[in-house]
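Open the model in your viewer and show the side chains. This tour visits aromatic rings.

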Amino acid sequence: MRIAFIGASHWHLPLYLEPALAIPGVAVVGVSDPDARVTTALAAQLGCAGDPDYRELCRRVKPDFVFALGRHVDMPDEARFLIAEGIPFALEKPCGMTAADAAALAKAAAGSFAAVPLVMRDGDYVPFLVDEAARGGAQYATFRFMAGFASRYTAAGCDWMLDPALAGGGAAINLGIHFFDLALQLLGPDVTVGQATMSNAAWGHPIEDYAAVTFRNGSRVMLMETGYVFPGPTSTFDMHFVVRTPNRYIVAPDQQTVDVYELDGRVERRSMGTTNVPCYPRFVRDVLARARDGRPPVASLADMVPIMNLVEAAYAAAGWHGGRAPS
């Protein structure tokens with residue numbers, strides 16, 4: 001299977017590239033990034049074609065599949081091109097800047113293979129929670145997920161992540177996207193944003209470095225906290241997840257552990273990955289197999305429409321219109 005990467009300066013590139021290189025029969029045939037230096041260096045490293053113009057690259061190498069990364073503002077154009085060319089692809093989250101972007105792309109992608117890496121769906125933890133919630137509904141949930149400092153984007157050559165005009169926002173839309181998805185899965189499609197507050201007190205960038213959002217469906221409630229405030233390395237988080245169902249109280253105190261409490265107090269400790277990073281290898285293997293076999297992806301552009309509706313509602317509730325700090 002011949003694959004290509006576009007928008008390749010994105011800091012998530014290794015999470016896709018390294019697993020792809022380990023799959024027998026998969027060959028990287030092209031890379032593209034608007035920064036010609038990135039394109040040249042990657043093409044030399046991988047021994048493949050490179051072109052700063054992803055359109056020219058794809059038309060020249062004709063890949064079987066594309067991982068589309070890059071700036072959030074550029075993602076809709078990338079997707080529209082790949083749909084028009086009939087190339088199966090996975091588009092990095094959040095797939096654009098607005099709910100309107102997501103809706104337009106979902107409509108355009110009808111009949112296309114257009115995956116979205118909501119990678120926690122590919123792990124063990126989220127399917128476990130969804131199954132538990134299906135047995136009686138999630139009553140309360142709390143997800144606290146604090147990542148490293150915002151300066152990591154500058155260090156990775158992705159300063160655009162600190163500009164709401166290019167990224168659409170900060171910790172809420174970026175780190176929080178998995179938890180907006182979980183709000184829909186645990187509380188149901190009628191979930192709404194209750195309250196939201198955001199701040200840039202830590203770093204003073206125009207994007208938020210902290211966000212707290214509540215979700216409601218009737219009397220059922222979920223709280224999400226995300227931020228760029230934890231003094232730890234990339235892929236290490238300050239986290240604590242809790243889900244309460246009528247039958248169990250489920251706690252994830254770290255990135256590898258889930259404690260399942262029965263209502264009588266008995267507890268079973270399970271070893272289970274609970275965060276997004278370990279899920280990428282499974283996502284890469286699965287999405288390529290599905291594209292090859294003609295099966296639909298686990299998550300598609302259609303799944304991003306209700307997610308982005310909630311994202312926009314959260315920013316509006318916090319007064320951060322367009323992901324920008326209030327003036």
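Is Trp-203 buried, partly exposed or exposed? Select Trp-203: its relative accessible area is 37%, so this residue is partly exposed. Keep in mind that the model is predicted.

**Stop one: the whole structure.** Colour every Phe, Tyr and Trp. A search of the whole structure turns up 20 aromatic pairs.

**Stop two: Phe-65 and Phe-113.** Select both rings. Their centres are 6.1 Å apart and their planes meet at 70°. Planes over 60 degrees apart count as edge-to-face, so this pair is edge-to-face. Phe-65 sits in strand β4, residues 65-68. Phe-113 is in the loop between α5 (99-108) and β6 (114-115). The pair therefore ties together parts that lie 48 residues apart in sequence. Phe-65 has a relative accessible area of 0% and is buried. Phe-113, at 13% relative accessibility, also counts as buried.

**Stop three: Phe-149 and Trp-203.** Which kind of aromatic pair do Phe-149 and Trp-203 form? The pair is tilted, with 4.7 Å from centre to centre and 55° between the planes. Trace the chain from each ring. Phe-149 belongs to the loop between β7 (140-147) and α7 (151-155). Trp-203 belongs to the loop between β8 (192-199) and β9 (210-217). The pair links distant parts of the chain, 54 residues apart. Phe-149 is partly exposed, at 31% relative accessible area.

Methods:
Residues are numbered from 1 along each chain as its sequence is written. This is a predicted model: local features need pLDDT of at least 70, side-chain atom pairs count only at pLDDT 80 or more; totals for chains, interfaces and linings use all residues. Side-chain values use heavy atoms; hydrogens and water are left out. Rings of Phe, Tyr and Trp (its six-membered ring) pair if their centres lie within 6.5 Å; planes under 30 degrees apart count as stacked, over 60 as edge-to-face and the rest as tilted. Helices (H or I, at least four residues) and strands (E, at least two) are DSSP runs, numbered from the N terminus. Buried means under 20% relative accessible area, exposed over 50%, partly exposed in between (1.4 Å probe, protein chains only).
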